[in-house]
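Subject: Structure for you to look at

Hello,

I am handing over the structure below. My notes on what was found in it follow.

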Amino acid sequence: MTDFSTRRRMMVDTQVRPSDVTEFPIIDAMLTVPREAFVPAEKIEAAYAGEHIELGAGRVVLDPRVFAKMIEALDITNKDLVLDIGAGLGYSSAVIAHIAEAVVAVEDDEARAEEAQTLLSDAHADNVVVHAGPLAAGAAAHGPYDVIVVQGGVEELPTTLTDQLKDGGRIVCIFMDGALGTVRLGHKLDGDVMWRFAFNGTAPLLAGFEKAKEFAL
């Protein structure tokens with residue numbers, strides 16, 4: 001029988017900590033949440049590999065290192081309401097739920113959203129609500145949010161999401177330019193989001209986050 005708890009500790013000790021992720025709440029959450037429970041059954045043996053795990057249709061569970069560094073950049077507290085865009089089967093939301101006050105997870109595949117809600121309930125992540133709908137639309141009914149996390153690649157960030165971020169709130173995205181990607185942290189001040197570079201990272205482009213096509217006559 002596979003010892004996933006040992007693999008989980010190895011993931012934290014060999015992938016997360018060496019990436020300068022040191023905040024105790026993040027380390028504790030990633031040691032606690034069973035990543036193997038939130039990946040497709042056929043990918044369970046790869047749950048703790050240092051890579052993205054494919055969910056199908058271009059969607060992934062982010063590489064543990066990339067995900068952990070994104071979460072640390074946000075400086076989430078237990079008073080924050082977090083919008084988790086592209087939550088997949090719920091792993092990211094389960095981890096964030098250990099740190100934040102509450103999480104609204106958005107997933108555009110209705111069957112996947114239902115499965116995520118079940119898996120999150122099984123993991124006792126009772127402060128997570130899963131919302132099924134287009135990722136770019138967010139979940140305005142539950143907002144505004146202190147923090148927004150986008151679990152995939154972005155070329156252009158829809159204003160529908162930044163509109164759901166509180167003034168003073170934080171957002172993190174993986175901005176893709178072809179095959180190259182940079183993770184940027186945004187702070188919303190007086191209605192505008194100011195961005196700064198966090199680190200290099202890549203992820204598949206999310207539907208609804210593509211750059212608008214330019215038509216030449």
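**Helix 1**

Helix 1 spans residues 4–16, and its buried residues are Phe4, Arg8, Met11, Val12, Gln15 and Val16. Buried means under 20% relative accessible area, exposed over 50%, and partly exposed in between, with a 1.4 Å probe and protein chains only. Helices (H or I, at least four residues) and strands (E, at least two) are DSSP runs, numbered from the N terminus. Seen down the axis of helix 1, the buried residues fall within an arc of 110°, so they line one face of the helix. The arc is that of the directions from the helix axis to the C-beta atoms. An α-helix has 3.6 residues a turn, so residues three or four places apart point the same way. The cover over the buried residues of helix 1 includes helix 2 (24–32), helix 3 (64–74) and helix 4.

The model is predicted: local features need pLDDT of at least 70, side-chain atom pairs count only at pLDDT 80 or more, and totals for chains, interfaces and linings use all residues. Residues are numbered from 1 along each chain as its sequence is written, and side-chain values use heavy atoms, with hydrogens and water left out.

**The chain as a whole**

The chain has six helices and nine strands. Its radius of gyration is 16 Å, close to the 17 Å that the globule rule gives for 217 residues, so the chain is as compact as a globular protein of that length. That radius is taken over C-alpha atoms, and the rule is 2.2 Å times the number of residues to the power 0.38. Along the principal axes, the C-alpha atoms fill a box of roughly 60 × 40 × 35 Å. Of the 217 residues, 51% count as buried. Among contacts (heavy atoms within 4.5 Å) between residues at least 6 apart in sequence, 56% join residues at least 24 apart.

Val183 lies in strand 8 (residues 180–189) and is buried, at 0% relative accessibility. Leaving aside neighbours within four places in sequence, Val183 has contacts that include Met70, Val172, Ile174, Phe197 and Phe199. The C-alpha atoms of Val183 and Thr202 are separated by 7.9 Å, and the two residues are 19 residues apart along the chain.

Asp80 sits in the loop between helix 3 and strand 3 (81–85). Asp80 is also buried, with a relative accessible area of 7%. Beyond its neighbours within four places in sequence, Asp80 is in contact with residues including Asp75, Glu101, Asp146 and Arg170.

**Backbone points in the loops**

The peptide bond from Gly143 to Pro144 is cis, with omega near 0°. Pro144 is in the loop between strand 5 (128–132) and strand 6 (145–154).

Asp20 is not a glycine but has a positive phi of about 65°. Asp20 belongs to the loop between helix 1 and helix 2, and at 60% relative accessibility it counts as exposed. His124, not a glycine either, has a positive phi of about 60°. His124 is in the loop between helix 5 (110–122) and strand 5, and it is exposed, with a relative accessible area of 66%.

Regards
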